[in-house]
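User: Please take one close look at the ligand surroundings and the space that holds them. I would like the cut-offs behind each term spelled out as you go.

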Amino acid sequence: MKSENSLIDRNINIPVHIAIIMDGNGRWAKKRALPRSAGHAAGSKNFKTIARYCNKIGVKYLTVYAFSTENWNRPKEEVDALMNLFRDYLKDTKKFIKENIALKFIGNKKGLAKDIIELMEQAEYDSRNATGLTVNLAINYGGRDEITEAVKEIAELVKNNKINIEDINEQTIENHLFTKNVPDPDLVIRPSGEYRSSNFLIWQSAYAEYWFSDILWPDFKPRHLMKAIEDFNKRNRRFGGV
Ligand code: IPE
Ligand code: IPE
Ligand code: MG
């Protein structure tokens, strides 16, 4: 069997920022005649495995899509199960932080329960000195919502004569995104056989490399991530040049 460490030996370029749409939990559960919440629990467990692996191989940023602004449209029971999984995870971040992983959250705090927001802020604070992987958890995140919020903030600055319209540029917009100061994702991975962004990092992924796979998220192993990174290494990123 190929060692998972073999990646590091093979002179492979590790992407600085990997983003993952953690999709397929529901179908994973259905295949096993389990409730969808069991799929989400398995997905949450897998998130921890993949985050640790990213830390081990030297990825600097891992952004994971955990709950979209559109996911509120799901049955209340499922939304509650997901929120409870976030709670469980956020109460148990000590080991992660000990492993030198920093935790950050992107998404709209409006709409989240107060105790979840407090746990998020605590985790960010507790992990503020970590120098390994930074995990950005996208909870109540939508790319359109993020851009809308940025536009509102910038409009407010213009209204108060803090900036001129002529001075607004791409950097201005980036400074008002949740991902301010985070480099753009190099590689966006979507498992579960869907070929769409579903409103994930739509500004930031303008030049990201996409990698799709039929594997359902709870079955997505470090070796699949390794394969994605290997394929990424074969891509020719031109950024509009020749
Ligand atoms: C991804 O799995 C998790 C969330 C969207 C919260 P899904 O729940 O979307 O799983 P499928 O797509 O129904 O299989
Ligand atoms: C995207 O998956 C959101 C997350 C993985 C959190 P969805 O399952 O919500 O996306 P669609 O509905 O298939 O586009
Ligand atoms: Mg889905």
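Analyst: An N or O atom in the side chain of arginine 36 lies 2.9 Å from an oxygen atom of ligand 1, a polar contact in the sense of a pair of N or O atoms within 3.5 Å. This is a predicted model, in which local features need pLDDT of at least 70 and side-chain atom pairs count only at pLDDT 80 or more, while totals for chains, interfaces and linings use all residues. Side-chain values use heavy atoms, with hydrogens and water left out, residues are numbered from 1 along each chain as its sequence is written, and chains are lettered from A and ligands numbered from 1 in the order in which they are written.

Two further side chains make contacts of this kind with ligand 1: arginine 27 places an N or O atom 2.7 Å from a ligand oxygen, and aspartate 23 has a polar side-chain atom 2.9 Å from an oxygen of the ligand. Of the 380 Å² of accessible area that ligand 1 has on its own, the protein covers 87% (Shrake-Rupley method, 1.4 Å probe). The elements giving two or more residues to the shell around ligand 1 are α2 (25–31), α3 (36–57) and α4 (76–90), and α2 gives the most, with three residues; helices here are DSSP runs (H or I) of at least four residues, and strands (E) of at least two. The shell holds 13 residues, of which Asp23, Gly26, Arg27, Arg36 and Arg74 come nearest, a residue being near if one of its heavy atoms lies within 4 Å. By class, these residues divide into three nonpolar, five polar and five charged.

The surroundings of ligand 2 include Asp23 and Arg74 as well, together with residues such as Tyr65, Ala66 and Asn71. Strand β2 (residues 61–68) gives the most to this shell, with three residues, and the shell divides into five nonpolar, two polar and four charged residues. Its polar contacts include serine 198, with a polar side-chain atom 2.6 Å from a ligand oxygen, arginine 196 at 2.8 Å and arginine 190 at 3.3 Å. Here the protein covers 78% of the 390 Å² of accessible area that ligand 2 has on its own.

The elements that give two or more residues to the lining are α2, α3, β2, α4 and β4 (134–141), and the lining divides into 14 nonpolar, ten polar and eight charged residues.

Note on methods: A polar contact is a pair of N or O atoms within 3.5 Å; within protein, one must be able to donate a hydrogen and the other to accept it, and residues adjacent in sequence count only if both atoms are side-chain atoms. Ala, Val, Leu, Ile, Met, Phe, Trp, Tyr, Cys and Pro count as nonpolar, Asp, Glu, Lys and Arg as charged, and the others, Gly among them, as polar.
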